[in-house]
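Visitor: Please take one part of this model and go through it closely. I would like the open spaces, and what surrounds them.

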Amino acid sequence: MNTTSEPLETDVKVTAVKTPDAIKPKHKGSARLFENPVLERLTHTHIAAPLSIFFAVAGVSLYYGLSRGLLTGLSAFGLFLGGWLLFTLAEYLMHRFVYHMDTDTPRKAKFQYTMHGVHHEFPKDETRLAMPPILTVFVTSLLFFIFRFTFGNAGFGILAGFVFGYALYLFVHYAIHVYAPPKNFLKFWWHHHAQHHYRQDEIAFGVSTTLWDHIIGTMPEKKR
């Protein structure tokens, strides 16, 4: 009779946290961020889920504002563009100063790796190219309350443009990492983001647009 007790489950090994300077991109595989399988599963998503939520929120926000007379056609268009522009600035600032924060403490290093460093280590992991649906719903709800109470009725137009910009960013980012560069003018986006991932991460922070990289001065240097 064999009396040797065997564990019912094998130990789950969480991927070690790495600081940005220690990360080397791997084009296969995926990191494990949490031992808990439920939490780990929540860190993965198909790109269609957040895209659907953001586009739906943009459409509903505009429709509600226009159908209730809270916005006029011209003002809705202007506010939509303003919200979209606001998102591109938020995208740049978040990427540069939050996702690439100084990792001078273990807590900061853990946060940075979980939020963004893991993407630099596994840039081809399709399931981590966008936030999961639960977080998407939370973010859109938070944005609604911020814009509604800050801008009043105009917030419906601004919110629509902002989340539309967010959806466009997710789509562009996903396409850059999943598909080969096209042989046309769109190749520029692939090359720009590759500079950030494989050349140095202190440049090329814009993904959906290079506008703020041009304005602030973080464009990659052109080869001579």
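Guide: The model is predicted: local features need pLDDT of at least 70, side-chain atom pairs 80 or more, while totals for chains, interfaces and linings use all residues. Numbering starts from 1 along each chain, and side-chain values use heavy atoms, without hydrogens or water.

A pocket is an open set of points on a 1 Å grid where a 1.4 Å probe fits, with protein on both sides within 12 Å along at least five of seven lines; lining residues have an atom within 4 Å of a point. Here 11 residues form the lining. His 191, Met 219, Pro 220, Glu 221 and Lys 222 lie nearest the centre. Helix α7 (residues 187-199) gives the largest share, five residues (helices are DSSP runs of H or I, at least four residues).

Now the largest pocket. Its space is about 1000 Å³. It is lined by 35 residues: 25 nonpolar, seven polar and three charged. Nearest its centre are Tyr 99, Met 115, Met 131, Leu 135 and Tyr 166. α1 (37-42), α3, α4 (106-121), α5 (133-151) and α6 each supply at least two lining residues. α4 has the largest share, with six.

Note on methods:
Grid points are joined across faces, edges and corners, and a volume is the space filled by probe spheres set on the points. Ala, Val, Leu, Ile, Met, Phe, Trp, Tyr, Cys and Pro count as nonpolar, Asp, Glu, Lys and Arg as charged, and the others, Gly among them, as polar.
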